[in-house]
Amino acid sequence: MKYSEYHSKSKFKGSAAFYIIIACCLLAIGGASWFAAANISGRNSKNESSSGNKSDTSSFSSSKIESKPDISSSGISENVEKHVSDVPYSSAESTSSAETKEKTSVRTYSMPIQGEVIKNYSEKELQYSATYGDMRLHSGIDIACEDGTAVSACANGTVLSVENSSEFGCVITIDHGDGITAKYAAIKGVKVKAGDKVSAGDIIGNVTTVPCECADQSHLHLEVYKNGHAAPPLATLKLD
């Protein structure tokens, strides 16, 4: 082979290799550029998608909030007023409240008439009876007054009975509560009957002669019982 042919072939081979390398480099650069552009495009798409989802979610949340029922204070007030007005008035509750108030309040008593106590209560000590001319116990107190003097209730209460007795004439028995009952003896012009409610100071009748104590001066005979047992009237009614 001639030197010129050999030299020409070598030069051609070198030029071809150079162009191949350049082509490969260009392909590599083009591929890298395409890959980078594709990544950037994909990220933008994801961001737009994410932004769209957030917007949808925000819209959904807003929609949910707007769809919640509006409970206004006026509505609540109306419901409360309706429930209160719907509750029927109970007379039993009123009665119970009145009874409780009466029990917790301090009960006070007063003398049924104004006058001097001429004979005291005696449970064990015998006292002289001018009518019978002997010594005997005295189950109440005698309060001196004129015949026909008005007699008033010692306190609030309920009339248990109005009965006639051969010894004490017409006797009015009143339940004054707290286990206390009082017997007002020898009453005329009776103004109450069994079952009546009386208040302290109400006139229940007038004084007249006590058959079993007719020899004594005119007076009101008053007996007081605590839980069914005879008790000293002044001490029991706290009038001593």
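Buried residues are those under 20% relative accessible area, exposed ones are over 50%, and partly exposed ones fall in between (1.4 Å probe, protein chains only). The structure is a predicted model, in which local features need pLDDT of at least 70, side-chain atom pairs count only at pLDDT 80 or more, and totals for chains, interfaces and linings use all residues. Residues are numbered from 1 along each chain as its sequence is written, and side-chain values use heavy atoms, with hydrogens and water left out.

D142 is buried yet has no salt bridge, a salt bridge being a side-chain nitrogen of Lys or Arg within 4 Å of a carboxyl oxygen of Asp or Glu. The nearest side chain of opposite charge, that of K119, is 4.7 Å away, where Lys and Arg count as positive and Asp and Glu as negative, while His and the chain ends are not counted. The side chain of D142 does have a polar contact of 2.9 Å with that of H221. Such a contact is a pair of N or O atoms within 3.5 Å; within protein, one must be able to donate a hydrogen and the other to accept it, and residues adjacent in sequence count only if both atoms are side-chain atoms.

K119 itself is paired elsewhere: D216 forms a salt bridge with K119, the closest N and O atoms being 3.7 Å apart. D216 lies in the loop between strand 11 (203-207) and strand 12 (219-226) and K119 in strand 1, so this pair ties together parts that are 97 residues apart in sequence. K119 is buried, with a relative accessible area of 13%, whereas D216 is partly exposed at 23%.

The count comes to five salt bridges. One of them joins D178 and R107, with 3.2 Å between the closest N and O atoms. Because D178 lies in the loop between strand 7 (169-177) and strand 8, and R107 in the loop between helix 3 (91-104) and strand 1 (117-119), the pair links parts that are 71 residues apart in sequence. D178 is partly exposed, at 47% relative accessibility. Another salt bridge pairs R136 with D134 at 2.8 Å; R136 is partly exposed at 32%, and D134 is partly exposed at 28%.

L137, placed in strand 3, is partly exposed, with a relative accessible area of 45%. The C-alpha atoms of L137 and K124 are separated by 6.7 Å, although the two residues are 13 apart along the chain.

Two backbone angles complete the picture. Phi of A186 is near 60°, a positive value in a residue other than glycine; A186 is in the loop between strand 8 (180-185) and strand 9 (187-188) and is buried, at 1% relative accessibility.

K238 has a positive phi too, near 55°. K238 lies in the segment after helix 4 (233-236) and is exposed, at 70% relative accessibility.

Technical notes: Helices (H or I, at least four residues) and strands (E, at least two) are DSSP runs, numbered from the N terminus.
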